[in-house]
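Subject: Structure for your review

Dear colleague,

I am passing on the structure that follows, together with notes on what was found in it. Please read the notes with the model open beside you.

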Amino acid sequence: TNENFSRNNTMSSIRILFTSLSLSFVLFFAVSSIVVMPSAEATLGVDVSDQVLINAWSCLNSTGYSFAIIRCWRSYGNPDPLCPHTIANAWAGGMKHVDAYLFPCRGKDAASQVNGMLDYIASYNQPFGMIWLDIETNPSDGCAWSSSDLPSNCKFIGELLQAADARNVKVGIYASRYEWSLTAGLDRTIGASRPLWYAHYDNRET
């Protein structure tokens, strides 16, 4: 996919997610994308990579959606300026859970990106639940994952995770089987203990 998230987007870059939670796991369905994470009840949600105003969140809330994941770090390695306002709008529109996601640039320091995103959100005093690392093909100049050195990619993912841990922020991973195979390799277990937002495009709520 690309910076504009052409993953079967609907509603102007809002991806609909179905979340099926139990005491041991959560499954989010984003058109055909799944998240796995600990929780205790079922909910519906969306993730967004563009500005979404309060009335749109209120509309979603009125139809049963209560979870939002907001892009807060762009693929070229800078904060998303729409992030803090969209987080605030999501809360104001009635979302009960709001998370942030980071699209990392492989060509920049891992910890600096995690800290940069967290500091940027904090500068606006915006509360959120956890962060997600968007592990997929990065089209931005100088930001692509190595295609020949998968262990170095895994090391970089580990550095992202460690940076979040150092800030005492819960962190999960977004990936599809295909993108993970290209980036880390299917036999790699980096981040295996973390919540997983698993993209699986079969147009079925799972």
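Asparagine 89 is a residue of helix α2, where helices (DSSP runs of H or I, at least four residues) and strands (DSSP runs of E, at least two residues) are numbered from the N terminus. With a relative accessible area of 12%, asparagine 89 is buried; here buried means under 20% relative accessible area, exposed means over 50%, and partly exposed lies in between, using a 1.4 Å probe and protein chains only. Once neighbours within four places in sequence are set aside, asparagine 89 is in contact with Val52, Leu53, Ile54 and Trp57, contact being heavy atoms within 4.5 Å.

Before going further, please note that this is a predicted model, in which local features need pLDDT of at least 70 and side-chain atom pairs count only at pLDDT 80 or more, while totals for chains, interfaces and linings use all residues. Residues are numbered from 1 along each chain as its sequence is written, and side-chain values use heavy atoms, with hydrogens and water left out.

As for the overall layout, the protein has 5 helices and 9 strands, which follow one another along the sequence as β-β-β-β-α-β-α-β-α-β-α-β-α-β. Of the 206 residues in the protein, 51% are buried. Among contacts between residues at least 6 apart in sequence, 68% join residues at least 24 apart.

Returning to helix α2, which spans residues 83–92, its buried residues are Cys83, Pro84, Thr86, Ile87, Asn89 and Ala90. The elements that cover these buried residues include β4 (43–48), α1 (54–62), β5 (65–73), β6 (97–102) and α3. Just after α2, glycine 94 takes a positive phi of about 105°.

Two further pairs join parts of the chain that are separated in sequence. Serine 49, in the loop between β4 and α1, counts as buried at 8% relative accessibility, and its C-alpha atom is separated by 8.7 Å from that of leucine 82, 33 residues apart along the chain. Alanine 122, in helix α3, is partly exposed with a relative accessible area of 45%, and its C-alpha atom is separated by 8.8 Å from that of proline 84, 38 residues apart along the chain.

Which residues have the most contacts inside the largest nonpolar core? They are Trp57, Ile70, Cys72, Val114, Met117, Ile131 and Ile135, in a core of 39 residues, where a nonpolar core is a set of buried Ala, Val, Leu, Ile, Met, Phe, Trp, Tyr and Cys residues joined through side-chain atoms within 4.5 Å. Helix α4 gives the most to this core, with 7 residues. A second, separate core has 8 residues, among them Phe67, Tyr101, Tyr174 and Trp197. In soluble globular proteins, nonpolar side chains tend to be buried together. Cysteine 72 touches Pro79, Asp80, Cys83, Ile87, Ala100, Tyr101, Met117 and Ile121, leaving out residues up to four places away in sequence.

Helix α3 (residues 110–123) packs against helix α4 (residues 150–166) at an angle of about 40°, with the axes 8 Å apart; the axes are lines fitted to C-alpha atoms over the stretch in contact, and angles run from 0 to 180 degrees between N-to-C directions. The two helices are therefore oblique to each other, since angles under 35 degrees count as roughly parallel, over 145 as roughly antiparallel, 65 to 115 as roughly perpendicular and the rest as oblique. On the α3 side, Ala110, Ala111, Gln113 and Val114 meet Phe156, Glu159, Leu160, Ala163 and Ala164 of α4.

Lastly, two asparagines have a positive phi. Asparagine 125, in the loop between α3 and β7 (131–134), has a phi near 55°, a positive value in a residue other than glycine, and counts as exposed at 68% relative accessibility. Asparagine 168, in the loop between α4 and β8 (171–176), has a positive phi of about 55° although it is not a glycine, and is exposed with a relative accessible area of 72%.

With best wishes
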